Amino acid sequence: MERIGVLFVCLGNICRSPLAEGVFRQLVAEAGLQDRFRIDSAGTSGYHQGDAPDPRTCAVAVGRGIVLEHTARRVRATDLEQFDYVLAMDGENLERLQALTDGRGTRARLALLRAFEPGMPPDAEVPDPYYDEDGGFEAVHDMVERACRGLLAHSRAERELPCCARGRRRSWRAR
Ligand code: 4NP
């Protein structure tokens, strides 16, 4: 069965999108659905290509039991044909992704990640924490987690994936 491809995209691919990748991986694993998804992240710039995630991102992730193993890479036009969802952290990066399509249709649905966060307006963004010295990474984690829960619920409903985690008793529900 073909996996559902989800690509998270920010500017540098060292702060927001690798964290979203790690959070979504964890939620998918908790749901026992790791074989049903292909999950990755990328940046619209090449500023940090080849770099590990920012230490502040790693610290927030480790605090949630998530080890980030990503290496930064730049998004490619071919990603838009290989993934089903390509999710930008903010409007600027969404525009950069749209520019890669040359106005053509793509397999991937391009959207803002926070459009999947319940109760948020469709233009809600995950703000860039790179120059933030005051707890911005924690806030980024929390909004990314809420949005990823919404994304999982959405993709699950759309693909009619099972709503009970394999090997677990408790049934899954959106929080
Ligand atoms: P990200 O954060 O897009 O969430 O990875 C940034 C990382 C690096 C830079 C900007 C944003 N930078 O300008 O180098």
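## Contacts of Glu21

The side chain of Glu21 makes a polar contact of 2.8 Å with the side chain of Arg25. A polar contact here is a pair of N or O atoms within 3.5 Å; within protein, one must be able to donate a hydrogen and the other to accept it, and residues adjacent in sequence count only if both atoms are side-chain atoms. The Glu21 side chain also makes a polar contact with the side chain of Ser41, again at 2.8 Å. Glu21 sits in helix α1 and counts as buried because its relative accessibility is 7%; buried means under 20% relative accessible area, exposed over 50%, and partly exposed in between (1.4 Å probe, protein chains only).

The model is predicted: local features need pLDDT of at least 70 and side-chain atom pairs count only at pLDDT 80 or more, while totals for chains, interfaces and linings use all residues. Residues are numbered from 1 along each chain as its sequence is written, and side-chain values use heavy atoms, with hydrogens and water left out.

## Contacts of Glu117

Glu117 lies in the loop between β4 and α5 (136–158). With a relative accessible area of 5%, Glu117 is buried. Its side chain is joined to that of Arg114 by a polar contact of 2.8 Å, and to that of Arg146 by one of 2.7 Å.

## Strands and crossovers

Helices (H or I, at least four residues) and strands (E, at least two) are DSSP runs, numbered from the N terminus. Strand β1 (residues 4–10) pairs with β2 in the parallel sense over seven bridges, where pairing requires that DSSP finds at least two bridges between the strands. Gly5 has Arg38 as its bridge partner in β2. Between β1 and β2 the chain passes through helix α1 (residues 16–30), and this β-α-β crossover is right-handed: with the strands pointing away from the viewer, the path from the first strand over the helix to the second runs clockwise. Strand β2 (residues 37–43) is mostly covered, with six of its seven residues buried.

β1 also runs parallel to β3, joined by four bridges; Val6 has Tyr85 as its partner in β3. Four bridges likewise join β3 to strand β4 (residues 109–112), again in parallel, and Leu87 is bridged to Ala111 in β4. A right-handed β-α-β unit is made by β3, helix α4 (residues 91–100) and β4. In a regular strand the side chains alternate between the two faces of the sheet. In strand β3 (residues 85–88), Tyr85 and Leu87 point one way and Val86 and Ala88 the other, and all are buried.

## Ligand site

The residues around the ligand are Cys10, Leu11, Gly12, Asn13, Ile14, Cys15, Arg16, Tyr47, His48, Asp128, Tyr130 and Tyr131, counted when one of their heavy atoms lies within 4 Å of it. By class, this shell has seven nonpolar, three polar and two charged residues.

Oxygen atoms of the ligand lie 2.9 Å from a polar backbone atom of Leu11, 3.2 Å from a backbone N or O atom of Asn13, and 2.9 Å from a polar side-chain atom of His48. Taken alone the ligand exposes 350 Å², of which the protein buries 92%; the areas come from the Shrake-Rupley method with a 1.4 Å probe.

## An exposed loop residue

Gly65 is in the loop between α2 (55–63) and α3 (79–82). Gly65 counts as exposed because its relative accessibility is 62%.

Methods. Ala, Val, Leu, Ile, Met, Phe, Trp, Tyr, Cys and Pro count as nonpolar, Asp, Glu, Lys and Arg as charged, and the others, Gly among them, as polar.
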